[in-house]
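Please take them alongside the sequence and the coordinates.

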Amino acid sequence: ETASAPETPATSLACLRNGAAADAQAIHALITAHLAEGHLLPRTLAEIAAHAHRFVVASEAGRVVACAELAPLSRDVSEVRSLVVSEEARGGGLGRQLIDELVTRATVAGFEKLCASTHAPAYFVQLGFSLVPHVWVPEKIVMDCHSCPHFRHCGQYAVLRELRRSNQAFVPLAALHG
């Protein structure tokens, strides 16, 4: 569900900001324009408008040139959705900036994991994600995959990034010594 955005270390002049209902049409147009690349799932304008506040958008000269959504799947897991950088804005690091912003937002919101479904897992691995079996993200399967017409035939990879260690992951030293 995320577009590939090959990038160089160069920095972009775009400004990152929160998405708003007024951005829904531009976000929808950006996603729709890149569906042919085969890396994004279609989104309705109504769905985007309802969730515009979950998007981070990059704008240049008042025009939305990139976007990504932080979508909660459960209390502990959130997902990167609809990551897309317009062709003319690629190569400036916008994809990385959007992912970094979503990681920060997910961590601040208390999520323990951030996942994505992607055709470009190497891109996410460079950003600290791990390639995992789909069954490691059951929240995604239950929430979206079962109702998707591409279920079991999508060709996407699951990637996951731990955002913080749970206190339960640590074994007290005293427990090791009986």
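1. How many helices and strands does the secondary structure of the chain come to? In this model, which is predicted rather than experimental, the chain comes to six helices and seven strands, and when these are read along the sequence they follow the pattern β-α-α-β-β-β-α-β-α-β-α-β-α.

2. As for the chain taken as a whole, 43% of its 178 residues count as buried, and its accessible surface comes to about 9400 Å², with 58% of that area belonging to carbon and sulfur atoms. Among contacts in the chain with a separation of 6 or more, 74% are accounted for by residues 24 or more positions apart.

3. Helix H3, which covers residues 94-108 and so has 15 residues, reaches 21 Å from its first C-alpha to its last, and this is close to the 21 Å expected at 1.5 Å a residue. Its buried residues are Leu94, Gly95, Leu98, Ile99, Leu102, Val103 and Ala106. An α-helix has 3.6 residues a turn, so residues three or four places apart point the same way. Just after H3, Gly110 takes a positive phi of about 95 degrees.

4. The side chain of Ser82 makes a polar contact with the side chain of Arg43, at 2.6 Å. Ala71 stands 11 residues from Ser82 in sequence, while the C-alpha to C-alpha separation of the two in space is 9.8 Å.

5. Ser59 belongs to strand E2, which covers residues 55-60, and with a relative accessibility of 12% this serine therefore counts as buried. Once its neighbours within four places in sequence are left aside, Ser59 is in contact with Ala14, Cys15, Arg17, Val64 and Val65.

6. If residues up to four places away in sequence are not counted, Ser86 touches Leu30, His34 and Val65.

Technical notes. Residues are numbered from 1 along each chain as its sequence is written. This is a predicted model: local features need pLDDT of at least 70, side-chain atom pairs count only at pLDDT 80 or more; totals for chains, interfaces and linings use all residues. Side-chain values use heavy atoms; hydrogens and water are left out. Helices (H or I, at least four residues) and strands (E, at least two) are DSSP runs, numbered from the N terminus. Buried means under 20% relative accessible area, exposed over 50%, partly exposed in between (1.4 Å probe, protein chains only). Contact means heavy atoms within 4.5 Å. Accessible areas come from the Shrake-Rupley method with a 1.4 Å probe; for residues, only the protein chains shown count as cover. A polar contact is a pair of N or O atoms within 3.5 Å; within protein, one must be able to donate a hydrogen and the other to accept it, and residues adjacent in sequence count only if both atoms are side-chain atoms.
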